[in-house]
Structures are given as C-alpha cells and as structure tokens.
Amino acid sequence: MIIKALVENTSVSEEYKNEHGLCLYIETLNHKLLFDLGASSLFAENAKKLGVDLSEVDLVVISHGHYDHGGGLKAFLNVNAKAKIYVNRQAFAKHYANRPGGEKVYIGLDEALMQSERLIFAGEHFIIDEELELFSNIKGRKLISSGNQDLLMELSGLLVQDDFSHEQNLIINEGGKTLLVAGCAHNGIVNIIDHMIEIKHSPPHYVIGGFHLYSRSADKYEDPALINLIGLYLKDTGSFCYTCHCTGIEAYQRLKEIMSEKIKYLSTGSQFKILS
C-alpha cells in the first residue's frame with residue numbers, strides 16, 4: 001500500500017505548497033483513491049510533483065462536510081471523469097465556525113455539487129468491496145475535543161452545535177492488515193477506534209488522520225491532560241499512527257513523548273509504504 005500526502009497544513013520542503021486542509025492519495029492492491037480533497041485545487045498541483053495521475057483515481061472518500069476536506073471537489077471533477085465520490089448525505093448541510101468577536105463563518109461544501117451523478121451517499125456502515133468499507137454514526141463521547149463547541153450546523157433555520165453525524169471514516173483491509181483513515185476525528189479518535197473494534201473485533205494495525213487537538217477557530221490547543229489520555233489509549237491499542245492536519249504540531253509532540261516510535265507526523269509531500 002502506497003500513501004502520499006497531497007495536502008496538509010505543513011510541508012516536507014518548500015517544493016510543496018501547503019494549506020489548512022487534508023488530501024491523501026492511497027494506492028491499494030485494487031484501488032487508486034483519494035481520501036479528502038483539501039480546501040482548494042492545490043492537491044492537483046502537488047499530485048503532479050508526487051507523480052500521481054489524478055485521471056487514474058477510481059474512488060474518492062470525503063470524510064465530512066467542511067471545506068478543508070471537500071473544497072477541492074469541483075477541481076477534482078474537472079480533472080477526473082470516472083471516480084465515484086463517497087460522502088455522507090448530511091455533509092452537504094450548512095456548516096459554520098465561530099470566529100473571534102462572535103463572527104459566524106461558513107465552512108461547508110459547495111451545495112451545487114450535491115447534484116453530481118458521481119456522488120454516492122454512504123450509510124452508517126457501507127461496504128464498498130472486500131478491501132474498503134466506511135462507517136459513521138459514532139455514539140461514544142469519551143475524550144472529545146472542546147474545539148467542537150465552535151463548530152455549528154444549521155438545523156430548522158437555527159445554528160446549533162454540530163453533532164458530526166456527517167463524519168465518516170475509512171477502513172482499508174489488505175493482506176491481513178487493517179488501516180483506519182480519519183479526516184478530523186471530530187467524534188474523537190478514541191470513540192472512532194472503539195467503534196471500529198465493534199465492527200472488526202480488533203483495533204487497526206495503522207491509523208492515519210487528524211485528531212482535532214488544535215482549534216483553528218480559537219487558535220488553541222486542547223488541555224494537555226486530554227492529549228495525554230488519548231496518547232495512552234492509542235499506545236495501548238498497539239496501532240501505528242500517522243497524524244496530521246488538525247492534531248497540531250505541539251499536540252503531536254506531546255503524543256510523541258507518550259507513544260515514542262508508534263507515531264509519526266504526515267506533512268504535504270510525505271510518502272511511504274505499508275507492507276502487507
């Protein structure tokens with residue numbers, strides 16, 4: 001399995017531009033897929049530099065309804081004529097973020113793109129094939145990021161706190177190994193892994209994604225005690241973690257102190273292989 005980070009908040013070098021967003025290229029035995037599409041068309045620029053032919057991508061997963069994960073959808077539809085895009089239907093609801101001073105900023109997806117015939121709206125456990133499956137509807141509420149309080153959704157004309165029912169996660173099954181890919185883990189990476197264990201009866205061998213330990217809206221990290229508990233949980237699973245995006249560098253460094261060699265940071269331009 002080959003993973004290349006096309007978009008992330010940081011870069012491995014000046015060769016790759018970065019933005020607040022996430023886009024991962026993952027090549028499995030049966031698929032060439034993108035997980036999330038970043039905030040803009042930047043993923044396409046970096047794809048060329050990383051030797052990724054976007055016209056050959058056969059599948060896309062958008063983790064949730066925020067622009068930094070699906071803002072590149074229109075650009076992708078323009079450069080790829082065949083891939084199906086798997087998304088939760090609720091991802092196209094109206095989503096907002098609180099900004100300093102009480103301003104409410106729209107951070108949702110382009111609703112006009114919801115009409116694309118290439119979209120497939122996934123349910124709470126959606127099996128794509130023997131290699132790929134999606135799940136959502138996370139019920140656990142342990143060790144949730146306080147930054148979620150600044151993220152809102154429109155419900156019956158009112159803005160209420162987002163419940164993140166639109167967030168989905170990807171499981172890749174290959175060669176007896178499982179890889180969990182999460183976008184921002186707004187539902188809590190601990191609860192997401194717990195839910196996966198219910199489905200697969202064991203924790204993932206690998207985890208990739210943001211853990212939402214840094215709030216861009218508030219420019220604030222989560223309480224170190226919360227980060228420590230998450231780090232201890234992840235260490236106990238035995239999973240190897242590649243984290244990025246909304247985890248934040250300072251939170252990653254704290255996790256690294258706890259998890260040692262079991263966690264690495266994934267920047268724009270990073271590429272690696274997972275052997276079956």
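Leaving aside its neighbours within four places in sequence, with which residues is L34 in contact? In the predicted model examined here, local features need pLDDT of at least 70 and side-chain atom pairs count only at pLDDT 80 or more, while totals for chains, interfaces and linings use all residues. Residues are numbered from 1 along each chain as its sequence is written, and side-chain values use heavy atoms, with hydrogens and water left out.

With contact taken as heavy atoms within 4.5 Å, L34 is in contact with L6, C23, L24, Y25, F43, L54, V57, L59, V60, V61 and F76, neighbours within four places in sequence being left aside. L34 also belongs to the largest nonpolar core, which has 28 residues. A nonpolar core is a set of buried Ala, Val, Leu, Ile, Met, Phe, Trp, Tyr and Cys residues joined through side-chain atoms within 4.5 Å. Buried means under 20% relative accessible area, exposed over 50%, and partly exposed in between, for a 1.4 Å probe and protein chains only. The residues with the most contacts inside this core are L6, L34, F43, L54, V60 and F76. Two or more residues are given to the core by each of β1 (2-7), β2 (23-27), α1 (42-49), α3 (73-79) and β5 (84-87). Here helices (H or I, at least four residues) and strands (E, at least two) are DSSP runs, numbered from the N terminus. The largest share of the core, 4 residues, comes from α1. In soluble globular proteins, nonpolar side chains tend to be buried together.

The buried residues in α1 are L42, F43, A44, N46 and A47. Their cover includes β1, β2, β3 (32-35) and α3. N46 of helix α1 counts as buried because its relative accessibility is 0%. Residues up to four places away in sequence not being counted, N46 touches L6, V7, Y16, K17 and T268. The C-alpha atoms of N46 and L59 are separated by 18 Å, with the two residues 13 apart along the chain. G51, with a positive phi near 70°, follows α1.

Two packed helices are described by the angle between their axes and the distance between the axes. Axes are lines fitted to C-alpha atoms, for helices over the stretch in contact, and angles run from 0 to 180 degrees between N-to-C directions. Angles under 35 degrees count as roughly parallel, over 145 as roughly antiparallel, 65 to 115 as roughly perpendicular and the rest as oblique. A crossing is left-handed if the near helix is turned anticlockwise from the far one by less than a right angle, and right-handed if clockwise.

Helix α4 (residues 189-200) and α5 have axes that come within 10 Å and cross at roughly 25°. The two helices are therefore roughly parallel. The crossing of α4 past α5 is left-handed. On the α4 side I189, V190, I193, D194 and I197 take part, meeting I230, Y233, L234 and T237 in α5. This contact divides into 7 nonpolar, 1 polar and 1 charged residues, where Ala, Val, Leu, Ile, Met, Phe, Trp, Tyr, Cys and Pro count as nonpolar, Asp, Glu, Lys and Arg as charged, and the others, Gly among them, as polar.

Helix α5 (residues 224-237) also packs with helix α6 (residues 249-259), at an angle of about 45° and with the axes 9 Å apart. The pair is therefore oblique. In this case α5 passes α6 in a right-handed crossing. P224, I227, N228, I230, G231, L232, L234 and K235 of α5 make the contact with A251, R254, L255, I258 and M259 of α6. By class, 9 nonpolar, 2 polar and 2 charged residues are found in the contact of α5 with α6.

Several loop positions were also examined. G183, in the loop between β14 (177-182) and α4, is buried, with a relative accessible area of 1%. Not counting residues up to four places away in sequence, G183 touches L22, F35, D36, S63, H69, G209, G210, H245 and C246. G102, in the loop between β6 (95-98) and β7 (104-106), counts as partly exposed at 47% relative accessibility.

Most residues other than glycine have a negative phi, and most peptide bonds are trans. L143, which is not a glycine, has a positive phi of about 50°. L143 lies in the loop between β10 (132-135) and β11 (151-155) and is partly exposed, with a relative accessible area of 25%. H201 likewise has a positive phi, near 70°. H201 is placed in the loop between α4 and β15 (206-209) and counts as exposed at 67% relative accessibility.
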